[in-house]
Amino acid sequence: MTSGTPTAASAQAVTLEQPGLEDACEAIADGIEREALVTVFGRCTVDYEGRASSTIEAGDRHVMLKPDGAALVHTDEGQQPVNWQPPGCEHEVYCDRAKGSETDDDTDVDSDRDANADALVLESVRSTPEERLRVRFQRVLQVSTFSGTDENELTLSGTEEDLRQRILEEPALLEAGFTPLATERETSAGAVDIYGTDAANRTVVVELKRRRVGPDAVSQLRRYVDALERDLHADADVRGILVAPSVTGRADRLLVDHGLEFVSLEPTGE
């Protein structure tokens with residue numbers, strides 16, 4: 001594709017590949033003005049000033065500016081941004097012609113496209129508290145702006161709360177005769193997910209986990225059982241049941257060693 005040539009899947013999306021800094025600046029400014037999602041990929045440095053200060057030297061990075069004021073700087077590794085600003089910030093873009101601006105040896109300094117600008121600068125500024133994220137591009141490989149809406153909220157499924165509700169609505173899923181009495185019952189070792197009694201009126205402590213678990217979950221359940229045995233009368237018989245889709249081999253052995261039980265149950269009925 002010709003450098004600096006825009007492509008558009010619709011009027012809502014525009015992309016420039018290998019644009020000059022002036023062209024990139026204009027496209028980004030237009031995206032910010034339209035309250036679009038703006039992404040920029042290229043060679044840049046990153047500076048932050050606010051509650052602390054930080055600098056990241058020149059590297060190839062992907063920057064995203066969201067219309068709600070959030071800004072994210074990503075490298076080619078990991079899922080977390082190396083720097084970011086929260087929603088509520090003001091975005092600004094400009095071309096810097098200051099002398100002595102940093103360039104890389106592999107930057108095409110002879111390009112006519114960049115003859116009028118040394119760097120493209122993105123700033124994301126937060127007023128309270130005062131914070132400023134400044135990304136300085138020496139070279140831009142791609143700019144894209146997207147206008148769209150997403151009115152749907154995240155719906156979580158398969159959570160421990162789903163698992164709790166399954167058991168509360170149908171206690172027999174745990175075992176016949178189980179009666180839930182409380183959730184998040186406090187003990188000296190922490191809050192028990194579900195507290196109840198079995199068919200023989202023995203106290204039952206239920207620890208819920210939404211995915212396959214190891215020895216740590218067994219140890220946690222053991223602490224709850226020990227705490228309740230201390231809190232209740234001396235001859236109280238307290239059972240501990242770990243509920244999860246599955247457990248590791250080591251966790252299974254620990255359950256037996258500690259006299260605890262396991263019930264395999266998924267967070268949802270699907």
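Trainee: By class, how many nonpolar, polar and charged residues does the lining of the largest cavity have?

Mentor: In this predicted model, the lining of the largest cavity has six nonpolar residues, together with two polar and two charged ones.

Trainee: Which residues are they?

Mentor: The lining consists of V63, L65, A71, H91, E92, L122, E123, S124, L133 and V135.

Trainee: And which elements give two or more residues to that lining?

Mentor: Those elements are β4 (53–65), β7 (90–96), β8 (119–126) and β9 (131–146).

Trainee: Which of them has the largest share?

Mentor: The largest share comes from β8, which supplies three residues.

Trainee: How much space lies in the largest cavity?

Mentor: The largest cavity holds about 50 Å³ of space.

Trainee: How many cavities of 30 Å³ or more are there?

Mentor: The count comes to two cavities of 30 Å³ or more.

Trainee: Changing topic, where does G50 lie?

Mentor: G50 is found in the loop that runs between β3 (37–49) and β4.

Trainee: Why does G50 count as partly exposed?

Mentor: Its relative accessibility is 38%, and partly exposed covers the range between buried, under 20%, and exposed, over 50%. G50 therefore counts as partly exposed.

Trainee: Which residues is G50 in contact with, leaving aside its neighbours within four places in sequence?

Mentor: On that basis, G50 is in contact with E130 and E131.

Trainee: What separation do the C-alpha atoms of G50 and L133 have?

Mentor: The two C-alpha atoms are separated by 8.6 Å, while G50 and L133 are 83 residues apart along the chain. L133 also belongs to the lining of the largest cavity.

Conventions. Residues are numbered from 1 along each chain as its sequence is written. This is a predicted model: local features need pLDDT of at least 70, side-chain atom pairs count only at pLDDT 80 or more; totals for chains, interfaces and linings use all residues. Side-chain values use heavy atoms; hydrogens and water are left out. On a 1 Å grid over the protein atoms alone, a cavity is a set of points where a 1.4 Å probe fits but cannot get out, and a pocket is an open set with protein on both sides within 12 Å along at least five of seven lines; lining residues have an atom within 4 Å of a point. Grid points are joined across faces, edges and corners, and a volume is the space filled by probe spheres set on the points. Helices (H or I, at least four residues) and strands (E, at least two) are DSSP runs, numbered from the N terminus. Ala, Val, Leu, Ile, Met, Phe, Trp, Tyr, Cys and Pro count as nonpolar, Asp, Glu, Lys and Arg as charged, and the others, Gly among them, as polar. Buried means under 20% relative accessible area, exposed over 50%, partly exposed in between (1.4 Å probe, protein chains only). Contact means heavy atoms within 4.5 Å.
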